[in-house]
Amino acid sequence: MELPTLAYPARTGQGTLSVNSCCVPLDSSSSSMTPLPLGSEETMTDWRTRLVKKKVLIVDGAWGTELINRGLKPREVPESWNIERPEEVHSVALSYINAGSDIILTNTFGGSPLKLAKKGLGEKTEEINRLGAEISKKAADGWSLVFGSIGPTGELVKPLGTMTESELVSGFAEQAKALAAGGVDGIVIETMMDLAEAKAALRAVKENTSLPVAVTMTFNKAGRNYATLMGVRPDQAAAELEKVGADIVGANCGAGIDLMIEVVRLMRPGTSLPIWCKPNAGLPELVDGETVYRESPEKMACQFRTLVRAGASIVGGCCGSTPAHIRALVIERDKLTH
Ligand SMILES: [Zn+2]
C-alpha cells in the first residue's frame, strides 16, 4: 500500500506551525506536513484495536472552513459538493489523513433528509451520504478509519417542537443506511443539544447498521455549570447515552480546549466508555464580517496532555481547527507512546 499523495495547500497565519510557546518546540519536520509513517499492521484495524495500541486516537478537524478555502460559497450546501465537487471534498479528507488522523469524518454533517429537504435536496439524501462515505474512504485508502458524520436536524421533538421520535428515527435511518452503503467504519452523531434527538439518531444507527457509534453533544458554560442549550449536563449525557447503547460518548464544538477540559472532567465519572472530544479552536469572533477562531495549533498541543488526563481518549478539532491543528495533536500524542 502506498502512502497517500501529499496534496497539502500552503497555509499562513493560524494554520502555520511555529515555535510552541509552552511545550517542546515543534521541530521543522512538523511544518512540512509530510504524511506520518504508518506500519502495515496499523491499517485496516478497528477503532478499539487502534485505541489500545495508540492510547489516544486523533480525529480530524473542521471541514466547513476547509471547504470555504476551496471555494464553497455562503449559500451553498456543503454536502452538495459530494455530488458537484467531489475532488475538493476528497482534498479536505486527504489533508486530514496527511496530518496523521487515525479517524476522519465525512462531508455529511447536514445530510439528514429532514435538513436536506429544507434546501430542496431531500431526494438526494441517499446519493449525498453514500458519496460522502465513498469519498472519505477513497482518501483514507486503509490508512485512517472513516466515521460517517450525522448532525442535528434543527428540529425539536414534541412537545417542544413538531417532530415525533419516529419521524426523527426514520430520517436518521435513511442517512445511516446510505453512510453504511458507502463503506464507513463507524458513525459519529455530533453537535447534539437535545438528548431525545441524540437518542433517536443512535437508535436509527443501531437498528439499521452494525457499526460502532460515537455520540457527542455540545456544551456551553452557564454560570459555573456546563450544559447544552437544551439543559443537558455532561455527566448526564455520558450516562444516558451509554445506557442506550453508544460505543463512545463525548463532546464537540463549544468555546475552545480549556472549556473542553472541564467538560471532559465532568463527563468522565458518568461513563466507562471512551470519551471523544473535538473542541473548537476557541470561541468564534466576528472580525470585519468574518468568523475568526484564535486558538493556534500550539495552544491545542499545549493542552493536549491535560485533556487526556481529564479522561479524553479520542481527540480532534471542531470549528476553526485546521490540518495544522491536527498535526500538532498527532505530534503530542506520539510523545505519549515514545
Ligand atoms: Zn464546531
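Two strands are treated as paired if DSSP finds at least two bridges between them. The legends below describe a predicted model.

**Figure 1. The open sheet of eight strands.** The strands are arranged in the order β1-β12-β9-β8-β5-β4-β3-β2, and their pairing is parallel. The edges are formed by β1 (57-58) and β2 (103-104). Each of these two has a single partner strand, so one side of each is left without a neighbour in the sheet.

**Figure 2. The pairing of β9 with β12.** Strand β9 covers residues 275-279 and strand β12 covers residues 312-315. The two run parallel and are joined by three bridges. Within this pair, W276 is found opposite I314 of β12.

**Figure 3. Helix α7 against the sheet strands β3 and β4.** The helix spans residues 165-181 and lies across β3 (145-150) and β4 (186-192). Its direction makes an angle of about 160° with β3.

**Figure 4. The zinc site.** The zinc ion has protein donors from C253 (SG), N280 (OD1), C318 (SG) and C319 (SG), at 2.2 to 2.6 Å. The angles among the four donor atoms range from 88 to 129°, and the site is tetrahedral. Along the chain, the donors are spaced as C-x26-N-x37-C-C.

**Figure 5. Accessibility of the zinc donors C318 and C319.** The relative accessibility of C318 is 13%, so C318 counts as buried; the cut-off for buried is under 20%. For C319 the value is 26%, so C319 counts as partly exposed.

Definitions and conventions
Residues numbered from 1 in each chain as written. Predicted model: local features only at pLDDT ≥ 70, side-chain atom pairs only at ≥ 80, totals over all residues. Heavy atoms only, no water. Helix = DSSP H or I, 4+ residues; strand = E, 2+ residues; numbered from the N terminus. Contact = heavy atoms within 4.5 Å. Axes fitted to C-alpha atoms, helices over the stretch in contact; angles between N-to-C directions. Donors = N, O, S within 2.8 Å, 3.2 Å for Na, K, Ca; no water. Tetrahedral: all angles 85-135°; square planar, octahedral: opposite > 155°, others 65-115°. Buried < 20%, exposed > 50% of the residue type's maximum accessible area, 1.4 Å probe, protein only.
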